[in-house]
Amino acid sequence: MVVIGGMGTMYGAVVGATLGLLAFMLAFTFGITASRFDTRKQLLLDEVNAIGTAFLRTDFLVEPYRTEIRKLFRDYVGIRTAWVKEPEKLPELITESREIQDKLWARSVEAVANTPNQEITSSYIESLNEVIDFHTKRITVALMYRIPTVIWYALIFVTVLTMGSVGYQFG
């Protein structure tokens, strides 16, 4: 087919521009998701370390609190790992994990009050506080920090526009 007058050049420029825009938007979206994935991965590692540290520091607590708090930690870890197996139950699991955190805090306050060496137990309380903080951070990053809907719609629109332009040019 012979194009007279440069219409093919104009369509080619439009297709090239829309392909460039699509590539830019895809790179932008993947950049957001890659950054978010890295943050979630780091928060998971930090939370696991905080839970392990807090569990180990229960050794500083007196009985019967040590045993009760360790059992609460085991239950807590069970709920946290259930998120992977049963994602549809996420809201209930978040509520349950917060309830266990409240129980952990209440029992820990009692344990610290009944432990003779307050300086040693303060490191346990600090690590328990980190467990609670990392839980909140993970929920915030996982559920609140999402790619905005308007970006998804714009990406879909540009993709459809680009594919239509390519189809028109080669059709």
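The largest pocket in this predicted model holds about 520 Å³ of space. A pocket here is an open set of points on a 1 Å grid over the protein atoms alone, where a 1.4 Å probe fits and protein lies on both sides within 12 Å along at least five of seven lines. Points are joined across faces, edges and corners, and the volume is the space filled by probe spheres set on them. Lining residues, those with an atom within 4 Å of a point, number 21, and the closest to the pocket centre are Leu44, Arg80, Trp83, Val84 and Arg138. Helices H1 (7-57), H2 (65-85), H3 (90-113) and H4 (118-144) each give two or more residues to the lining; helices are DSSP runs (H or I, at least four residues) numbered from the N terminus. H1 supplies the largest share, seven residues. By class, the lining splits into 14 nonpolar, one polar and six charged residues, with Ala, Val, Leu, Ile, Met, Phe, Trp, Tyr, Cys and Pro taken as nonpolar, Asp, Glu, Lys and Arg as charged, and the others, Gly among them, as polar.

Residues are numbered from 1 along each chain as its sequence is written. Local features need pLDDT of at least 70 and side-chain atom pairs count only at pLDDT 80 or more, while totals for chains, interfaces and linings use all residues; side-chain values use heavy atoms, with hydrogens and water left out.

Turning to the helix packing, H3 and H4 sit with their axes 11 Å apart at an angle of about 165°. Axes are lines fitted to C-alpha atoms, for helices over the stretch in contact, and angles run from 0 to 180 degrees between N-to-C directions. That angle makes H3 roughly antiparallel to H4 (over 145 degrees; under 35 would be roughly parallel). Their crossing is left-handed, meaning that the near helix is turned anticlockwise from the far one by less than a right angle. Contact (heavy atoms within 4.5 Å) involves, among others, Leu90, Ile94 and Trp105 of H3 and Tyr124, Leu128 and His135 of H4. The contact residues come out as 13 nonpolar, six polar and one charged.

H2 and H4 cross at roughly 15°, their axes coming within 14 Å, so H2 is roughly parallel to H4. This crossing, too, is left-handed. On the H2 side the contact takes in Ile69, Phe73, Tyr76, Arg80 and Trp83, and on the H4 side Tyr124, Leu128, Val131, His135, Arg138 and Ile139. That gives eight nonpolar, one polar and two charged residues.

As for H2 and H3, their axes come within 9 Å and cross at roughly 165°, and the two helices are therefore roughly antiparallel. The crossing of H2 and H3 is left-handed, and its contact residues divide into 14 nonpolar, three polar and seven charged.

Finally, there's a cis peptide bond between Glu63 and Pro64, with omega about 5°. Pro64 sits in the loop between H1 and H2.

How values were computed
Parallel < 35°, antiparallel > 145°, perpendicular 65-115°, else oblique.
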